[in-house]
Amino acid sequence: MSYKGIIVTGGAGFIGSNFVHFVSREHPEIKIVVLDKLTYAGNKKNLEGANCELVVGDIANKGDVEKAYQKLLEITNNANNEDLAIVHYAAESHNDNSLRNPEPFIFTNLVGTYRLLEICREYNLRFHHISTDEVYGDLELDDPNKFEPETPYQPSSPYSSTKAGSDLLVRAWVRSFGIKATISNCSNNYGPYQYIEKFIPRQVTNIISGIKPKLYGEGKNVRDWIHTEDHSSAVWTILEKGKIGETYLIGTGTAPGTKNEKGGEKNNKEVIETILEIMGHNKDDYEFVKDRPGHDMRYAIDASKLMNELGWQPKYTDFKKGLQQTIDWYQANQDWWKSEKDSVEAFYAKNGQ
Ligand code: NAD
Ligand code: TDX
């Protein structure tokens with residue numbers, strides 16, 4: 001499948017903007033409209049150098065969604081709807097925020113996804129829904145199983161439950177209305193442009209700012225890290241070769257018992273120690289803070305379906321190298337995050353974190 005134009009929702013956020021840069025670079029002939037509300041997590045600067053049109057608007061607002069579609073028609077010279085797609089990244093994405101105020105999660109993640117599905121239904125547009133491994137709940141540290149597309153949903157937080165709900169809306173719209181949609185559930189991303197509330201950029205910018213990194217609980221929780229560039233190439237592979245109605249898990253690991261079984265799995269303590277080491281500090285120069293309520297213990301993705309059926313492979317298999325590049329980016333782009341640092345830390349401090 002080839003496309004003449006795509007709408008990328010949430011394209012001014014972390015993963016969405018990395019995807020916009022990926023498509024601009026790898027497929028410059030494709031026209032891109034970014035539909036983004038520019039919440040605290042969205043930043044126009046993330047799109048500098050990318051070839052795209054930004055429509056500032058809310059995915060939960062029918063008029064704003066229609067405006068983005070009209071803009072796409074305009075810049076593709078009225079391409080046929082069969083040649084157009086919506087790639088849906090926009091979300092309220094932070095678990096800690098969802099524990100303090102779930103309301104925006106309901107509007108953006110649920111109502112917003114509904115609005116996009118409806119416009120796809122009206123104009124017969126291809127839809128790809130970006131979701132998360134968190135919909136599957138969590139695993140024990142010693143559980144021999146990993147998440148697979150068929151794993152039952154068991155979300156823990158307001159964030160993950162609204163993402164789970166949005167996935168179910170997509171499945172229902174495929175079955176009931178024949179929407180041409182696919183879903184991907186990806187593990188934890190790292191890389192440039194990630195807002196500094198999230199684990200890795202928070203700790204990197206803490207160290208640069210002379211603040212000790214903060215580890216929730218005992219630091220034993222495991223996340224399955226993937227570089228955002230690999231996430232982008234996986235989404236592109238699904239857009240090109242994915243089967244309508246299917247769910248693909250995106251991660252760097254394969255099935256239990258196979259060679260790449262461990263994928264990007266690392267506990268938070270290991271990640272902090274690696275960051276400190278790369279940045280030339282003592283490995284134990286961090287502090288433990290109050291745990292997150294309902295904190296998921298472990299995520300682990302089996303991405304063999306994507307690898308075997310669609311032939312995708314990750315490129316960033318050396319976590320330390322990817323982390324080094326990410327740290328370099330935050331060091332070189334202090335103007336991008338410095339003005340936000342105090343308010344983000346004040347917010348965490350209020351919560352004992
Ligand atoms: P982010 O918070 O960095 O960016 C979200 C973007 O969506 C921002 O640009 C924001 O302005 C925009 N947005 C929010 N509400 C909107 C609305 N109502 N209308 C239009 N735009 C709106 O998020 P991220 O980390 O880049 O995550 C992107 C997607 O990937 C999300 O769907 C998330 O669930 C999913 N995901 C994230 C991870 C991860 O590790 N961060 C892993 C797996 C899946
Ligand atoms: O300061 C911190 N200290 C700490 O120990 C922060 C901010 C987090 N943590 C822990 C909590 C998690 O175990 O680090 C781990 C990662 O935390 P987050 O960056 O908040 O990510 P997580 O909750 O795992 O969710 C992320 O991955 C799945 C994204 O934020 C989601 O959008 C995505 O769906």
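Helices and strands are here DSSP runs, with helices being H or I of at least four residues and strands being E of at least two, numbered from the N terminus. The model is a predicted one, in which local features need pLDDT of at least 70, side-chain atom pairs count only at pLDDT 80 or more, and totals for chains, interfaces and linings use all residues. Residues are numbered from 1 along each chain as its sequence is written, chains are lettered from A and ligands numbered from 1 in the order in which they are written, and side-chain values use heavy atoms, with hydrogens and water left out.

The account may begin with the sheet. Strands of a sheet pair through backbone hydrogen bonds, either parallel or antiparallel. In this model, 7 strands make up an open sheet with parallel pairing, in the order β3-β2-β1-β4-β5-β6-β11; two strands count as paired if DSSP finds at least two bridges between them. The edges are taken by β3 (53-56) and β11 (247-250), each of which has a single partner strand, so one side of each is left without a neighbour in the sheet. On average, neighbouring strands are turned by 20° against each other, direction ignored. Within the sheet, β4 (residues 84-88) runs parallel to β5 and is joined to it by 4 bridges, and V87 stands opposite H128 in β5.

Helices lie across this sheet. Helix α7 (residues 228-241) lies across β4, β5, β6 (180-186) and β11, at about 145° to β5. Contact means heavy atoms within 4.5 Å, while axes are lines fitted to C-alpha atoms, for helices over the stretch in contact, and angles run from 0 to 180 degrees between N-to-C directions.

Strand β5 leads on to ligand 1, for β5 gives the most to the shell around this ligand, with 3 residues. A residue is near a molecule or strand if one of its heavy atoms lies within 4 Å of it. Ligand 1 is surrounded by 29 residues, of which the closest are I15, D36, S93, Y159 and K163. By class, this shell divides into 12 nonpolar, 12 polar and 5 charged residues. Polar contacts are pairs of N or O atoms within 3.5 Å; within protein, one must be able to donate a hydrogen and the other to accept it, and residues adjacent in sequence count only if both atoms are side-chain atoms. A backbone N or O atom of G13 lies 2.9 Å from an oxygen atom of ligand 1, and a side-chain N or O atom of S93 is 2.7 Å from an oxygen atom of this ligand. The protein covers 97% of the 840 Å² of accessible area that ligand 1 has on its own, by the Shrake-Rupley method with a 1.4 Å probe; for residues, only the protein chains shown count as cover.

Ligand 2 has 22 residues around it, the closest being T132, E134, Y159, R292 and H295. Oxygen atoms of ligand 2 lie 2.7 Å from a polar side-chain atom of R202 and 2.6 Å from a side-chain N or O atom of R292. Of the 650 Å² of accessible area that ligand 2 has on its own, the protein covers 94%.

Key:
Nonpolar A, V, L, I, M, F, W, Y, C, P; charged D, E, K, R; others polar.
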